[in-house]
Each structure stands twice: as structure tokens, then as C-alpha cells.
Amino acid sequence: MEVVRSVAGIRERVLRARMGEGRTVGLVPTMGYLHEGHLSLVDRAVDLADLVVVSVFVNPLQFGEGEDLEEYPRDLERDVDLARERGAQLVFAPDVDEMYPAGEPVVTVDPGPMAEVLCGAHRPDHFRGVLTVVAKLFNIVRPDLAVFGRKDYQQAVLIERMTRDLNLPVRIEKAPVVREDDGLAMSSRNEYLSREERARAPALYRGLSEAQRRFREGERDPEALVEAFRAQLPDDPELRVQYVEVVNPETLEPVGEEEAGPDDVMAVAAFLGTTRLIDNVRLG
Ligand code: AMP
């Protein structure tokens, strides 16, 4: 296991593996503070590629004003140990100056209208920051494939779309949401929750599961499914839903008046105190 800090270093190391040794390369981009959700992506990459690179970079470009860039949890040493245990060979952990030597980039990836819904509607410029750093990582590492979690559903779909629209030669793999025993989707941000908030957090997944159950029983009206979700939430002023919507899994357009189908996705964002949580399920 090697930890590489520089762009030139990771390029050289990957090129050697790819050209010299004929190995395929898998990339797992993360912001670090790894948990089982991230590590499930490493497992998938190890299954699919010969050499697995985990990138750890808290990307300032995707944080808005007043968001948690400064507080975002970091522990590189632990991340390196965990990635190694799961079979990754390289950790790419550049600092901000290494990724953005000329300061904030002038030319960025425009994510288009699919970034104006769901999280994008509440976090302006977030997905521009995400797609820009992912495009940079793809150009730096040049992986054959990259693995993303469905936990960040809109992000995974936008990245898939970017690779298609811009002909980026990277295969995108989407991996399932990994949850705690009580259903809460794992997230580095769960770290922010107080004990009381943590106890209340599984309500989101209870709501999503109830919507799935109603769908299985034959309910097809997206509004009724959203109602079923909301009915599971406790009457709690600390838990504030930012959005909950049933959307088309590829275009992310709201299903709206139409009947919901099994592939449609119910996506939610909510604040628990000051912590923003997101989650989603496929209805069928
Ligand atoms: P992050 O470090 O939050 O930027 O996440 C890095 C990658 O891990 C993204 O592709 C996320 O979707 C994925 N990820 C984070 N949490 C989970 C989870 N609970 N289950 C599956 N994938 C996850």
C-alpha cells in the first residue's frame, strides 16, 4: 500500500501498473473518514479491477457558503489502514494546492438541468464542484472503472451522464446503499449527530421503507407515496424535511402526475438539528 500525495506521483504509479504490468485500474473517489459504505465500494472495485486506487480529498469546490467544509471529519491514517485491509493498493490524498494549484478553477463542468432538482435545488453549484473534481480525478488517475454509491443517488446519475455526454473512457459502477442495523444510511456526516439525534435519524429510512411497502401493495400515486413517507416521521421540530420526491431514475425528473413505476426512486433530504442527511430507495 502506498499513499501518494502528488498528481505526478499517482500518474506515474498508475501508468506503470497499466502499461508495464497490463493491469486494469479501478478508482473509488471519497472525501475520506471511511466507513462500511465507502469500503463496500472498495470491495466492488477489488472484484472488478487489478489495481484499486482510493482517493481521499475533501473538495472545497463542492461546499457552499455556510456549509461544513472546515468541520468535515478527517482521519487519513485510519482511512489508509481501512483501505489497505480491503485490498486497495494506492491511496491518492492530494492537498488543496495540489488539486487546484492556480486557485479556484476558471473552467468547470456544467452539470446542466439535472443538477437543478433534488439536492441541486438547495445546494447551488454543489454538483458543478462534484463533476469538476471527478473529471479531474478521472484525468489524473485514468481508471478503467470508477465506483460510486447509490447513497448519493443524484451524484451517481450525474457522473454517469457526464461520462456519456463527454465520452469519458471510464466505466461507472453504482453500488447499493450500506446501512446501519437500524436502517440509517451510513455517512461520514452521521458523526455530527448527538446521541438523541442519532436515535431519531432512522425515521427517514422507516418512511422510505413504508413508501416501498405501499408501492408493493399497489399504490402508484406519487403523492400518496410521499404522504406514506411523511406519516412515518415523528412530530419533531428538530427533524425538518428539505425535500422528498419520487423521480425518474435516469432523468431525475419528478414523476409528478404520472403513475410511479418500480424503477422510480424516492429521494429525501432532511435536517436533523444542523446535520443534513440524505437517503433514497428504489420503489420496486
Ligand atoms: P463521500 O466520501 O461522502 O464523498 O462518499 C464517497 C463515495 O462513497 C460516494 O460514491 C458515496 O455515494 C459513497 N457512499 C457514501 N456513503 C455510502 C453508503 N452508506 N452506502 C454506499 N455508498 C456510500
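How many residues has helix α2 (residues 36-48), and what does the helix reach from its first C-alpha to its last?

**View 1. Helix α2 and its cover.** Helix α2 has 13 residues and reaches 18 Å from its first C-alpha to its last. That is close to the 18 Å expected at 1.5 Å a residue, where the expected span is 1.5 Å times one less than the number of residues. Helices (H or I, at least four residues) and strands (E, at least two) are DSSP runs, numbered from the N terminus. This is a predicted model, in which local features need pLDDT of at least 70, side-chain atom pairs count only at pLDDT 80 or more, and totals for chains, interfaces and linings use all residues. Residues are numbered from 1 along each chain as its sequence is written, and side-chain values use heavy atoms, with hydrogens and water left out. In α2, the buried residues are G37, H38, L39, L41, V42 and A45. Buried means under 20% relative accessible area, exposed over 50%, and partly exposed in between (1.4 Å probe, protein chains only). The cover over these α2 residues includes β2 (25-30), β3, α3, β5 and β6.

**View 2. S188 and its contacts.** S188 sits in the loop between β6 and α8 (195-200). With 5% relative accessibility, S188 counts as buried. Which residues does S188 touch, not counting residues up to four places away in sequence? They are G32, Y33, H35, H38, Y72 and P73; contact means heavy atoms within 4.5 Å. H38 is also among the buried residues of α2. E160 is 28 residues from S188 along the chain, and their C-alpha atoms are separated by 23 Å.

**View 3. Helix α7 and its surroundings.** Helix α7 (residues 153-165) has 13 residues. From first C-alpha to last, α7 reaches 18 Å, close to the 18 Å expected at 1.5 Å a residue. Buried residues of α7 are Y153, Q154, Q155, A156, V157, L158, I159, M162 and T163. They pack against helices α5 (118-122) and α6 (126-141) and against strands β5 (145-149), β6 (171-175), β8 (265-272) and β9 (275-282). After α7 comes N167, with a positive phi near 55 degrees.

**View 4. Aromatic pairs.** A pair of aromatic rings is described by the distance of the centres and the angle of the planes. The structure holds three aromatic pairs. Rings of Phe, Tyr and Trp (its six-membered ring) pair if their centres lie within 6.5 Å; planes under 30 degrees apart count as stacked, over 60 as edge-to-face and the rest as tilted. F57 and Y100 have ring centres 6.1 Å apart and planes at 50 degrees, so this pair is tilted. F57 lies in the loop between β3 (51-56) and α3 (76-85), and Y100 in the loop between α4 (96-99) and α5, so the pair ties together parts that are 43 residues apart in sequence. F57 counts as buried at 6% relative accessibility, and Y100 counts as buried at 7%. Another of the pairs, F138 and F148, is edge-to-face, with 6.4 Å centre to centre and 65 degrees between the planes. F138 belongs to helix α6 and F148 to strand β5, so the pair ties together parts that are ten residues apart in sequence. Both F138 and F148 are buried.

**View 5. Arginines over rings.** R78 lies over the face of Y33, 5.5 Å from the ring centre. R220 lies over the face of F215, at 3.8 Å from the ring centre. A charge sits over a ring if NZ of Lys or CZ of Arg is within 6 Å of the ring centre and within 35 degrees of the ring normal.

**View 6. The sheet β7-β8-β9.** This open sheet has three strands, in the order β7-β8-β9, with antiparallel pairing. Strands pair if DSSP finds at least two bridges between them. β7 (239-247) and β9 are the edge strands, each pairing on one side only. On average, neighbouring strands are turned by 15 degrees against each other, direction ignored. β8 and β9 run antiparallel and are joined by eight bridges. M266 has V281 in β9 as its bridge partner. Helix α10 (residues 222-231) packs on the sheet and touches β7 and β8; its direction makes about 150 degrees with that of β7. Axes are lines fitted to C-alpha atoms, for helices over the stretch in contact, and angles run from 0 to 180 degrees between N-to-C directions.

**View 7. Positive phi in two loops.** D125 is not a glycine, yet has a positive phi of about 75 degrees. D125 is in the loop between α5 and α6 and counts as exposed at 52% relative accessibility. L252 also has a positive phi, near 65 degrees. L252 lies in the loop between β7 and β8 and is buried, with a relative accessible area of 1%.
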